[in-house]
Amino acid sequence: MEDNQPVAVACDDEINDVVNDVKERSRDQREALLGEPTCVICGRYGEYICDETDDDICSLECKQTLLCRVANRPLLVVPPLPERLPGADECFYVREYGDKSGSQSLSNDQSDLLRKKLEIHVKGDVVPGPILSFSSCSLPQRLIQNIESAGYDMPTPVQMQAIPAALSGKSLLVSADTGSGKTASFLVPVISRCANFRLQHLPNEKKPLAMVLTPTRELCIQVEEQAKLLGKGLPFKTALVVGGDAMAGQVYRIQQGVELIVGTPGRLIDLLIKHDVELDDTMIFVLDEVDCMLQRGFRDQVMQIFRALPQPQILLYSATISQEVEKMASSMVKDIVVVSVGKPNKPNKAVKQLPIWVESKKKKQKLFDILMSKQHFVPPAIVYVGSRLGADLLSNAVRVTTGMKSLSIHGEKPMKERREIMKSFLMGEVPVIVATGVLGRGVDLLGVRQVIVFDLPNSIKEYVHQIGRASRLGEEGTAIVFVNEENKNLFPELVDILKSSGAAIPRELINSRYTVGSFSSGKGYKKRKHGC
Ligand SMILES: Nc1ncnc2c1ncn2[C@@H]1O[C@H](COP(=O)(O)OP(=O)(O)OP(=O)(O)O)[C@@H](O)[C@H]1O
């Protein structure tokens with residue numbers, strides 16, 4: 001594949017198959033699963049988008065009903081778009097006091113003070129200062145309404161800095177705690193720039209304008225769902241491109257015209273190779289969980305997609321970013337701005353870590369004890385294990401021993417089942433989920449306040465992400481962590497993390513010969529006073 005060339009090769013037969021696949025009747029369409037768009041008429045799977053209204057629909061039949069309804073609807077019921085949105089390359093950030101929204105923007109000194117107070121660190125030239133409200137950076141009015149409807153009264157610190165910086169067109173490498181609102185901090189500028197672009201250019205041009213890649217299907221589903229919510233009523237459509245769902249529907253959706261593609265790298269490459277998708281208007285490329293996306297395994301696919309794009313603005317995000325990732329990011333684009341909020345690569349302070357020394361053969365019993373203890377178990381909880389088979393076996397054992405409903409989730413399960421499991425977990429029907437790394441990063445599991453790390457992952461980075469599932473936006477959560485000699489490779493870093501979080505450290509971990517060196521220069525760790 002040549003640099004900057006579309007990856008895809010047209011295949012008319014396949015495209016015809018896709019077009020012919022459109023469902024005629026509502027009853028031909030299946031029920032919607034968790035995270036999928038739903039038909040605005042009948043509630044089934046919203047596989048298509050009605051061009052005239054921008055609504056999700058399941059079939060030609062429902063499209064017809066929708067159009068009839070809209071034709072009879074009083075005019076004002078359809079929310080009006082703002083008369084004129086600012087251009088994509090206009091400066092969105094208002095520096096003076098008292099912009100037209102009535103909100104205030106900050107002087108340079110005030111910006112510096114606010115950054116210091118909120119631990120916002122910025123490296124790079126001419127970076128716009130932080131914003132104090134969503135209305136102070138000239139977002140489309142409808143987007144501001146959608147942000148309000150989502151219940152976001154104020155931007156979080158990472159949003160305060162990353163939104164104006166991304167709106168100014170700069171490429172960013174952003175790190176901030178798990179659960180700190182990073183997703184909206186890239187979606188808001190993506191939606192704003194895409195909607196403005198569409199309003200200013202030929203209405204019949206429908207090539208994708210932005211792309212978000214993430215490592216797992218679950219995370220893609222969630223990001224697309226949030227993008228749809230925030231982009232509602234704007235010229236902003238999305239396509240989800242993940243394995244396990246039929247490619248035909250995904251291709252059809254893209255060919256109908258979308259602004260944003262959210263996908264996993266493998267399926268996206270596959271789709272781009274087999275189908276003709278023109279990427280020459282794609283102006284924003286987002287890598288969520290960038291450290292994972294630039295690791296061996298994903299890196300080649302990610303770079304292949306990146307090279308097919310015409311020098312887009314890049315937005316790279318994670319809670320854990322190493323110097324190596326920073327170097328790679330700088331090699332992707334010149335003048336990248338680095339934003340970090342709080343202490344990089346550290347666990348979220350709102351998660352209380354409770355490490356327990358448990359020999360491998362006793363781990364199961366320890367888990368059952370916790371799950372059966374009213375004092376220690378806080379459902380719904382996620383139990384992280386190291387293997388797919390381990391996840392199946394352990395959730396089975398939890399069911400048999402505790403009598404509690406428990407399900408496992410991992411990459412070998414079919415997509416449909418994974419969606420259903422997530423749905424019943426999020427609806428509170430299942431108190432325990434045993435998961436591999438597929439639920440370790442990025443997923444926003446509202447309601448989860450307890451994580452049990454049964455098998456420590458291979459790296460401390462993954463550990464930081466896993467325990468991060470126990471807290472969203474600073475709400476307190478706990479992470480019970482099983483440790484034993486088998487995790488000796490992680491001891492120095494683990495002890496470091498536990499020390500810096502003020503967690504009690506098990507005696508066996510402190511005394512281990514694999515740890516001892518790491519204490520020689522350290523101070524102030526807490527010794528465990530009570531056994532768990
Ligand atoms: N400004 C805001 N006000 C209120 N809630 C918000 C705001 N921004 C985001 N949220 C909510 O906070 C939660 C966490 O956000 P999000 O999932 O984006 O975190 P994250 O930083 O991406 O975490 P992770 O690193 O774990 O992926 C979500 O439920 C989101 O809807």
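**The ligand shell**

I sorted the shell around the ligand by class and found 5 nonpolar, 8 polar and 6 charged residues. For this sorting, Ala, Val, Leu, Ile, Met, Phe, Trp, Tyr, Cys and Pro count as nonpolar, Asp, Glu, Lys and Arg as charged, and the others, Gly among them, as polar.

A note on the ground rules: this is a predicted model, where local features need pLDDT of at least 70 and side-chain atom pairs count only at pLDDT 80 or more, while totals for chains, interfaces and linings use all residues. Residues are numbered from 1 along each chain as its sequence is written, and side-chain values use heavy atoms, with hydrogens and water left out.

Next I asked which residues come nearest to the ligand. Of the 19 around it, these are Tyr152, Gly179, Lys182, Asp444 and Arg472; a residue is counted as near if one of its heavy atoms lies within 4 Å.

Tyrosine 152 places a polar side-chain atom 2.7 Å from a ligand oxygen. For threonine 183, a side-chain N or O atom is likewise 2.7 Å from an oxygen atom of the ligand. Glutamine 159 has a polar side-chain atom 2.8 Å from a ligand nitrogen.

How much of the ligand's accessible area does the protein cover? I read 90% of the 640 Å² that the ligand has on its own, by the Shrake-Rupley method with a 1.4 Å probe.

**Confidence**

The protein chain has a mean pLDDT of 84, and 85% of its residues reach 70 or more; pLDDT is the predictor's confidence in each residue, from 0 to 100. Residues 1-20 stay under 50, and I noted 36 contacts beyond four places in sequence for them, a contact being heavy atoms within 4.5 Å. Residues 73-103 are also below 50, with 63 contacts beyond near neighbours in sequence. The model scores ipTM 0.99 and pTM 0.78.

**Cysteines**

My search of the whole structure gave 0 disulfides, a disulfide being two cysteine sulfur atoms within 2.5 Å. For cysteine 39, the nearest cysteine sulfur is that of cysteine 42, 3.8 Å away. Is cysteine 39 buried or exposed? Cysteine 39 counts as buried because its relative accessibility is 4%, and buried means under 20% (1.4 Å probe, protein chains only).

Methods
A polar contact is a pair of N or O atoms within 3.5 Å; within protein, one must be able to donate a hydrogen and the other to accept it, and residues adjacent in sequence count only if both atoms are side-chain atoms. Buried means under 20% relative accessible area, exposed over 50%, partly exposed in between (1.4 Å probe, protein chains only).
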